Each structure stands twice: as structure tokens, then as C-alpha cells.
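Here is a friendly briefing to read alongside the model. Keep the viewer open and turn to each residue as it comes up.

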Amino acid sequence: MKIESKLAQIGNRKDPVTGAISPPIHQSTTYAHPALGQSTGFDYTRTLNPTRKIVEDAIAELEGGVRGFAFASGMAAVHAVFSLLSPSDHVIVSSDLYGGTYRVLEKILKPLGIVASYVHTGDIAAVEAAATPNTKAIFIETPTNPTMQITDLAACSNLAKARGWLCMVDNTFMSPYFQRPIEWGADIVVHSATKFLGGHNDVLAGLVVAKSEDVAERLYFIQNSIGAVLSPHDSWLLLRGMKTLALRMERSAMNANAIAAWLDARDDVAKVYFPGLDHHPGKAICAKQASGFGGMVSFEVIDARMVPYVLEHLKVITFAESLGGVESLMTYPARQTHADIPEDIRNAVGVTDKLLRLSVGIEHIGDLIDDLSGALEWATEQVFARGRRG
Ligand SMILES: *Cc1c(COP(=O)(O)O)cnc(C)c1O
């Protein structure tokens, strides 16, 4: 079956008793044992829940792994993956990284003795140079959030395999519809399913997929022991959202391509970060390992003073955190998602005070362009006309 069909069919044929097309939400926390030493396969809901299992099986199949795990948030999923490491272990991480992942690494794991080095993982020589005898894993975002750096998944996976590291990929931005890192050799895929997989800004969730049984066993132990599992109702909301992933990703990517090209041609925009643009250094690698460039576009306006005016003028696009939903959202990374990263590090990776990030939704492209155009013109007028007056 092709991925569009797998997605549409999530949850169907899972309830042979009633034939429900939309699977039931199993709220029961516990399950009757048929007899001493026997189980229906379900004992206690932290350990395994029928509704959660549908999402877990679905993401494993979509990503091409052996087993999936659903968590209460993307951060719980990220933390579970890093829980495979032990004190004194070292991990190499993409330098331009989701702020929450940086916070877990620096504020939770570092005090426990797990140390991270931040490098541009698109530069394999830099990755090799960052390795220490204690390196146990590499954690990649491609494209990165928010400056869209691209990492060659095959090259990193091969290096990881040669050195005995685990290769972990946060695939939130692309989703398995566009990119399946396990096919390029990754050991583990992580998602904030709150974003494209859920797709409607109405469920917080995280997913993990393991390529091998060995890693799956260890992740299952962590998931069941710590217990940050996805609730049955949220599992149902997530699987409902995932059914339309293919259509939503296609439309978001189409809109994002058009918006990136349109922004790139404007005088009030200094820089556009989108892997589908010809001047993007990672375009060829992104095109090799993904079947689309995604629905995220970041751009710099020419003057940081324009930012509040752009944000206040938007009427279709909403100024809000998060991404990957049907509604277009604009984020100001320096003050929102990346506020926990020190300013010098932020600027070095391009998360400047002029940078805005756009999660392109599935609205009509004409409405989105009109909205951006109105906001940019308003901002330019406010900042530069005032400058002339004052
Ligand atoms: C949002 C996000 C996370 C964190 O996920 P939550 O569901 O918000 O906990 C992790 N990685 C990336 C790339 C994200 O965008």
C-alpha cells in the first residue's frame, strides 16, 4: 500500500467485534485477566492501551521501523530517547535546534552528566571533529528549526554506524509523508506529533519509532517506567488527524513553495530560509532524501523594528507558537521558541531579532500572500516613514 492509503486507513479494521471504521477510545485503565497467568495482551493502560497501540503501530509502519511509542508530548518523546544515554555519555546535536530540546539537554541532562556538543550536522567533518571517546549518539533535525539547515541523513547514519553511535532524527518538520530517516539508516525517529502529524492544533503528542528490536525493547522499558504516555482520547485525536496528513502536507508545501519565492523577491525581506529555493545550500540533499520541501518558511525582515508591526497587522495568519496545523501561524523565534538560548548562540545560528518563522497552512495561497503583503507594507511604512519624520 502507498503511504496515502496507509494514512487514510489508520484505525480501520481494528475492532472486529463491531467493525467500527473509527476505532473506539478505550478509556479503561485496567483489563480483566481471563485466568491466573493469562492476559488479553492488555493489563494496565500505561503499559499498553488499545487506542494508543493503533497510533504506535501506525507510526512504526509509516516510518519503516519495528515499533512505535506514543508520548504525552514531543518533549516527553525527546526525553525518552535521550534516556537511552548514561552519565558521562556524550551526544552530538544539530546546532540550530528546537529550543525545548536544547533546554532538556542543558538543564535536565547536563546536571546528570550527559553532555551535548552543538555542531552543524550538515558538515560531516565538523561532526567527526566533535566526536569524543564518550560519544554515544547523534541527534539531528533536518531541516533545522528555524533556519532550515539540511543534514545528509545517509552520511550521518553511516558515520554513526561506523562509530557505534545511535543515530536519532527529529522528523517533526517533514513528517513521514515527505521524509523517512530510517530508510537512510537512522536508528530512531522522534516526532512532536503536536505539529504536522496531528495537524489541527488540538492535540499535544510525541512519537518515537525504533528501527531495531533491541532499541525498541529499551525504549519500551523507558516509556512504561516513566509513564509519560499519550492518553487514549489524545491517541484518537492524533490518529484522526493523521488520516489526512498526505493532503495537508501537499497543500502546505505547495503554499510554502509559492510564499518562499514571493518573499525572496521582496526588498523589505533580507533573507529567506526554505530548502526548496535555488540559493539554499542544502537543496540538493533535501531533494535527494525527502519527497517535498515541507511547509515551513523562515525569513528576515530588513529591520528588527518592523517585527511588531508585521505581527499586529496579520489578519489570516495568526501570531502564535507552534506549527504544522491547517491554520497558518507566524512565530518570532528569538522571543518565543528559542528564548531559552543565549543571545550570542542564537545570533551565531541565525536566530536573530529580525527572523520570523511561518508555518504555512492549507488556506488559499492568494489570501496568505495578501496578508503577508499587507503586513510587510504596513511595517515598512511605520518604521521608515517614522524614521523620516523623526
Ligand atoms: C514542537 C517541537 C518539539 C516539542 O514537541 P511538543 O509536542 O511541543 O512537546 C520538538 N521538536 C521539534 C522540532 C518541534 O517543533
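## Briefing

Glu 56 has its place in helix H2 (residues 50-63); helices here are DSSP runs of H or I with at least four residues, strands are runs of E with at least two, and both are numbered from the N terminus. This is a predicted model, in which local features need pLDDT of at least 70 and side-chain atom pairs count only at pLDDT 80 or more, while totals for chains, interfaces and linings use all residues. Residues are numbered from 1 along each chain as its sequence is written, and side-chain values use heavy atoms, with hydrogens and water left out.

- Glu 56 is buried, with a relative accessible area of 4% (buried means under 20%, exposed over 50%, and partly exposed in between, using a 1.4 Å probe and protein chains only).
- Leaving aside residues up to four places away in sequence, Glu 56 touches Leu 48, Gly 68, Phe 69, Ala 70 and Gln 223; contact means heavy atoms within 4.5 Å.
- Val 78 is found in helix H3 (residues 74-82) and is buried too, with a relative accessible area of 3%.
- The contacts of Val 78 are Thr 101, Phe 139 and Val 190, again not counting residues up to four places away in sequence.
- From Val 78 to Pro 275 there are 197 residues in sequence and 24 Å in space, C-alpha to C-alpha.

**Domains**

- The domain assignment of the protein chain gives domain 1 (3-242) and domain 2 (245-389); such bounds come from an automatic or database domain assignment.
- The C-alpha centres of the two domains, domain 1 and domain 2, lie 27 Å apart.
- Domain 1 gives 38 residues to the contact, and domain 2 gives 44 residues.

**Helix H10**

- Helix H10 (residues 245-264) has 20 residues, which at 1.5 Å a residue should span 28 Å, and its end C-alpha atoms are 28 Å apart, which agrees. The expected span is 1.5 Å times one less than the number of residues.
- Among the buried residues of H10 are Leu 245, Arg 248, Met 249, Asn 255, Ile 259 and Leu 263.

**Cysteines**

- The structure holds zero disulfides, a disulfide being a pair of cysteine sulfur atoms within 2.5 Å.
- Cys 167 is in no disulfide, and the nearest cysteine sulfur, that of Cys 156, is 6.2 Å away.
- For Cys 286, also in no disulfide, the nearest cysteine sulfur is that of Cys 156, 14 Å away.
- Both are buried: Cys 167 has a relative accessible area of 0%, and Cys 286 has one of 1%.

**Aromatic rings**

- The count comes to six aromatic pairs. Rings of Phe, Tyr and Trp (its six-membered ring) pair if their centres lie within 6.5 Å; planes under 30 degrees apart count as stacked, over 60 as edge-to-face and the rest as tilted.
- One of these pairs joins Tyr 102 and Tyr 118, with ring centres 5.3 Å apart and planes at 45 degrees, so the pair is tilted.
- Tyr 102 lies in helix H4 (residues 99-109) and Tyr 118 in strand S3 (residues 115-119), so the pair ties together parts that are 16 residues apart in sequence.
- Tyr 102 counts as buried at 11% relative accessibility, whereas Tyr 118 counts as partly exposed at 27%.
- Phe 274 and Phe 293 have ring centres 6.3 Å apart and planes at 65 degrees, so this pair is edge-to-face.
- Phe 274 lies in the loop between strand S8 (269-273) and helix H11 (283-289), and Phe 293 in the loop between H11 and strand S9 (296-301), so the pair ties together parts that are 19 residues apart in sequence.
- Phe 274 is buried at 0% relative accessibility, and Phe 293 is buried at 18%.
- The charged end of Arg 67 sits over the ring of Tyr 220, 4.4 Å from its centre. The rule asks for NZ of Lys or CZ of Arg within 6 Å of the ring centre and within 35 degrees of the ring normal.

**Backbone points to look up**

- Thr 142 and Pro 143 are joined by a cis peptide bond, with omega about 0 degrees; Pro 143 lies in the loop between strand S4 (135-141) and helix H6 (153-163).
- The peptide bond from Asn 145 to Pro 146 is cis as well, with omega near 10 degrees, and Pro 146 lies in the loop between S4 and H6.
- Arg 13, a residue other than glycine, has a positive phi near 60 degrees; Arg 13 counts as exposed at 70% relative accessibility.
- Ser 88 is not a glycine either, yet has a positive phi of about 80 degrees. Ser 88 lies in the loop between H3 and strand S2 (90-94).
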